[in-house]
Amino acid sequence: MFDSTLQIEVVEADITRLEVDVIVNAANSSLLGGGGVDGAIHRAAGPELLDECRRLGGCDAGDAKATKGHRLPAKHVIHTVGPIWRGRDKGEPELLSSCYSRSLQLAEQLGARSIAFPAISTGIYGFPKIPAAQIAIKTVHQHRGKVKRVLFVCFDRETAEIYRSLLLDGTAANE
Ligand code: AR6
């Protein structure tokens with residue numbers, strides 16, 4: 001069932017520019033920065049973000065940890081660690097779903113109303129884009145809580161088209 005009070009948007013943007021309560025980082029288990037969206041977030045947030053991350057003691061795949069946004073327009077960053085795609089099912093879908101649900105739980109604990117997700121694991125970690133988007137949409141729809149605005153932030157047109165067609169189709173949210 002769709003939650004009519006939940007507003008879902010697909011945006012083609014650089015996540016570091018968004019003025020939302022929370023942006024989610026597709027990090028690695030060290031939480032000490034990397035390439036892709038992780039590198040962009042650390043560059044835009046400034047070195048204070050790395051200082052805060054050093055105190056978090058890393059993070060397991062499928063879990064998430066929160067920091068402040070520092071120099072970002074977003075108030076908080078939730079760092080989650082997606083699964084590395086290994087070419088067959090080694091629990092990657094469950095771990096990816098857990099990234100979205102744990103991030104939403106933490107966002108609620110922070111009192112956030114809006115959250116922006118990148119397409120976790122679909123870059124350097126190689127998770128196929130269509131199933132990843134299906135998992136993202138389904139998990140967000142299953143979550144019931146105080147976060148009322150969810151942005152799926154796409155860095156390329158292909159990813160945005162995948163999200164748009166799945167949301168229009170509606171089956172990813174309900175299956
Ligand atoms: N804004 C929004 N999305 C972005 C941005 C941005 N500025 N930059 C990239 N993307 P990736 P992963 C998209 O590789 O697959 C890092 O080294 C990108 O196009 O950033 O989870 C970490 O430290 C893709 O759609 O994350 C880990 O080691 C999506 O973000 C590893 O990469 C995710 O791609 C994590 O790999």
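1. The count comes to one cavity of 30 Å³ or more. On a 1 Å grid over the protein atoms alone, a cavity is a set of points where a 1.4 Å probe fits but cannot get out. The largest cavity has a volume of about 50 Å³, a volume being the space filled by probe spheres set on the points, with grid points joined across faces, edges and corners. Lining it are 10 residues, and Leu6, Val140, His143, Gly145 and Val147 are the closest to its centre; a lining residue has an atom within 4 Å of a point. By class the lining has five nonpolar, two polar and three charged residues. Here Ala, Val, Leu, Ile, Met, Phe, Trp, Tyr, Cys and Pro count as nonpolar, Asp, Glu, Lys and Arg as charged, and the others, Gly among them, as polar.

2. This is a predicted model, in which local features need pLDDT of at least 70 and side-chain atom pairs count only at pLDDT 80 or more, while totals for chains, interfaces and linings use all residues. Residues are numbered from 1 along each chain as its sequence is written, and side-chain values use heavy atoms, with hydrogens and water left out.

3. The largest pocket has a volume of about 540 Å³. A pocket is an open set of points with protein on both sides within 12 Å along at least five of seven lines. Its lining has 27 residues, with Ala26, Gly36, Val37, Asp38 and Gly123 nearest the centre. The lining divides into 14 nonpolar, nine polar and four charged residues. β2, α1 and β6 each supply at least two residues, and α1 gives the most, with four. Helices (H or I, at least four residues) and strands (E, at least two) are DSSP runs, numbered from the N terminus.

4. Six strands form an open sheet with mixed pairing, in the order β1-β6-β5-β2-β4-β3. Two strands pair if DSSP finds at least two bridges between them. β1 (7-12) and β3 (64-68) stand at the edges with a single partner strand each, so one side of each has no neighbour in the sheet. β2 (residues 22-27) and β5 (residues 114-117) run parallel and are joined by two bridges. In this pair, valine 22 stands opposite isoleucine 115.

5. Which strands does helix α4 (residues 129-142) touch? Helix α4 packs on the sheet against β1, β5 and β6 (149-154), and its direction makes about 170° with that of β6. Contact means heavy atoms within 4.5 Å. Helix α5 (residues 157-169) touches β1 and β6, at about 155° to the direction of β1.

6. Helices α1 (residues 36-45) and α2 (residues 47-54) pack at about 115°, with axes 5 Å apart. Axes are lines fitted to C-alpha atoms, for helices over the stretch in contact, and angles run from 0 to 180 degrees between N-to-C directions. The two helices are therefore roughly perpendicular, a term for angles of 65 to 115 degrees. Ile41, His42 and Ala45 in α1 meet Glu48, Leu49, Leu50 and Cys53 in α2.

Technical notes:
Parallel < 35°, antiparallel > 145°, perpendicular 65-115°, else oblique.
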